Every structure is written in structure tokens, then in C-alpha cells.
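Got the model loaded and your selection tool ready? Here's a short walk through it, one stop at a time.

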Amino acid sequence: MKLTSQMIKAKAAELGIDCIAIGSIDRYKEAPPLMQPANYFPECKSVIMLAMRIPRGSYRGIIEGTHWHNYTFYSYNRLNTVFRPRLTYAMACFIEDCGWEAIPHYPAVSERMGEGEPVMPGRMPNVAMSVRIMGVGAGLGEMGHSKVFMTPQFGPRVRLGMIMTDAELEPDPIIKPGTLCNQCGRCVIDCPGAAIPPVKDKDKKLHINVGAEDIFWGDVDMGRCTLTHHGLNNRISPFLKKDLPNFELDVQTTNMSEEEAYRLTYTMALGKWGCTYDQPDNSILHYYNYVLSHVGYFAVCGARGCICSCMDSLEKRKAIKNVFKNPLYKRPLWMMSYQKKKMVGRINPWREAYLDKRDPSLRKNEY
């Protein structure tokens, strides 16, 4: 059965997919071997990229400092694992109904893949594409300085999906670098982890050729990014201050790999320790454990610099199509100090506070 790009885009509109673009396989010939579509599906002819919007309002609670888990649920974990994949699956079925093979590819963390031995000579183990690089090659959008993908419709407020197919489809033109991201540096200034390098630092830019275009972005410090995103940055997490009041790690000066940051943040979030008096589940970080148990993920910083400030800049320049009647930032941004004014407690601050509330004389001369 005949299948055209126009048919696919009409089906996308019917399904409610926000953005769609198509790239030809030859555009990705310089992709890293473990991110190379041809190493996954040798007969692949076209890459179809989909994007679903992140509701702007899902950031409001974190911007105001009043509500956190709505963003994790609607705009991170469930958008990545339920809402958008449901439509990617439907599109893949439509393509296969037309007689062409379609691989709906989950947006795995591609730079973590590759473990294992090849099953035969010439085959790569655990190939996983970078959906951002694939999105650039399909003409869906461009890479911003902070490594965040942005579309002309919604800027950085998107989550991406991908389908590979052996159908040869008419590709969309690649969006020229600089069409959306003007290297304004807002993401650099407002990142609470100081994870994004200055835009003028040429030694801190990463480059790749996609469809004969030089695509580049800032070499983000992913250790600092992960520590901040997953809540070990005192500047952005009131939950950390509550449960570990004397924890003074300055994320902005850390030198840690992304893997080390993941091991630390998830261990802390899932960890239990004795009796903390005020938390019956004995969690080290109660709120993180709570969100993980309900949603399976926890995003704490709310993408303060890389998405929100970028979005604010794009909206003010009217550089994207989805603009609003009111500005994103209505008040000055809040930020907490990573340093305490004085030490909280001495040996066990939770026990001490608990006993002092009952009767201050119970601990007289204890230490």
C-alpha cells in the first residue's frame, strides 16, 4: 500500500500529535555508532520524529515554590512513559497497516547504552538513538545551547518520540542552527547548578554533523545537572533542607560524573535510616521517597534555567508560535542559600527537637 509523508502527517493530526517531522536515513551517517539508526535497523530508510507539548502550567508550582510533584507526573515521567508513547504506538500501527515495518523507539538514555557483547561480527550491542540528534535531522527543531531540544511551536516544552521505518518518505528540511536559540545565555545565568557553560566559551561546545549541518550545543556538566535535577542542590530543594538541614554541598563547585550523581541521588532518595521521629517510613529524604513510590521518578529543580528561562526568553522575543497572554515569570525567582546560618541540632536534631518539645529538661546536661 502506498504511504506518503502527507498521509503520516494527516494521521498525526488525527491522533492529536502536536509536532511531527521526517528525516531520511542518510542525514545520520555521522552519528556515533551506538546511536546510529542503520546499526539498529539496517533497512531503515526514514526516521519519523514526534513531539508532545509540556503544558506550561505544569511548571507553575515549582516556579512559585508551592507544589512539586505535578511536574514530575504530567510533564516528565507520565508524558515520557504513557501519554506520548500511546500516540507513537498508534502511529507505528498505522504505518504497519500500510505494509511497512515501523519501530517505535523508546527515548532511552543513549549515552548509557552499549554494555554487552555483539551477537555476531559487525553488530553493535544495545544500540539506542539520541532522540534529540534524530529530531534535528528530521527537521523537528533545533538543539539549544543547554542541550535542550526546542521546536518552533513550543520551544523547549516538548518530549520526543521516534519511529524508524523501511518506507522511503519525503524528508522535511533541517532547521538551521540559530533559528530559535540566539545564544542569549539565560539558561546559563538561571541554572541553579551552574551546569551550563558560558555561551562564548568555544572550548565548551560539542559539535556533530547532521544532514550536512554543523549542530552544536554547550558541554553541560551532567554531574551538576543531575544533582540539581534530582534534588541534592540546597539552592532549589526545600525538601533537602528539611530532612538534612546541615547538608552544605555546594553543587555549583562539584566535580562529579553523571553516573556518580545518579548513584548518589537515587541512593539518598530510596534510603532508609533508623527512626527519624517525625517520619514514620524512616526515609532519609521523605518527599523523594514519596514521589518515587507514586510516580517512579522525581524531578525537583523544574528545569529552572534550561527550559523555563529559555521559554521566557523565546516568548518575549515571540520566537515560537505558542505564546501566552501573561508572562511566565510574574515575580522574582526564588533561590535558597546552600549554607546554613547555624548548625541545626548536635547529635540527632530530630530526636532533640522531639524530646525538647515534650520536656526541655529531659536533655539537661546530656552532652
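Start by selecting helix α10, residues 286-295; helices here are DSSP runs of H or I with at least four residues, strands are E runs of at least two, and both are numbered from the N terminus. Its buried residues are Tyr287, Tyr288, Asn289, Val291, Leu292 and Val295, where buried means under 20% relative accessible area, exposed means over 50%, and partly exposed is in between (1.4 Å probe, protein chains only). Show α4, α8 (238-243) and α9 (258-270) too: the buried residues of α10 pack against them, with contact meaning heavy atoms within 4.5 Å. Then step just past α10 to Gly296, which has a positive phi of about 85°.

A word on what you're looking at: this is a predicted model, where local features need pLDDT of at least 70 and side-chain atom pairs count only at pLDDT 80 or more, while totals for chains, interfaces and linings use all residues. Residues are numbered from 1 along each chain as its sequence is written, and side-chain values use heavy atoms, with hydrogens and water left out.

Next, pick Met129, in the loop between β3 (102-105) and α5 (131-138). Is Met129 buried or exposed? Met129 is buried, at a relative accessible area of 0%. Leaving out residues up to four places away in sequence, its contacts include Met35, Pro37, Tyr40, His105, Met162 and Met164.

Last stop: Asp97, in helix α4 (residues 69-97). Asp97 is exposed, with a relative accessible area of 65%.
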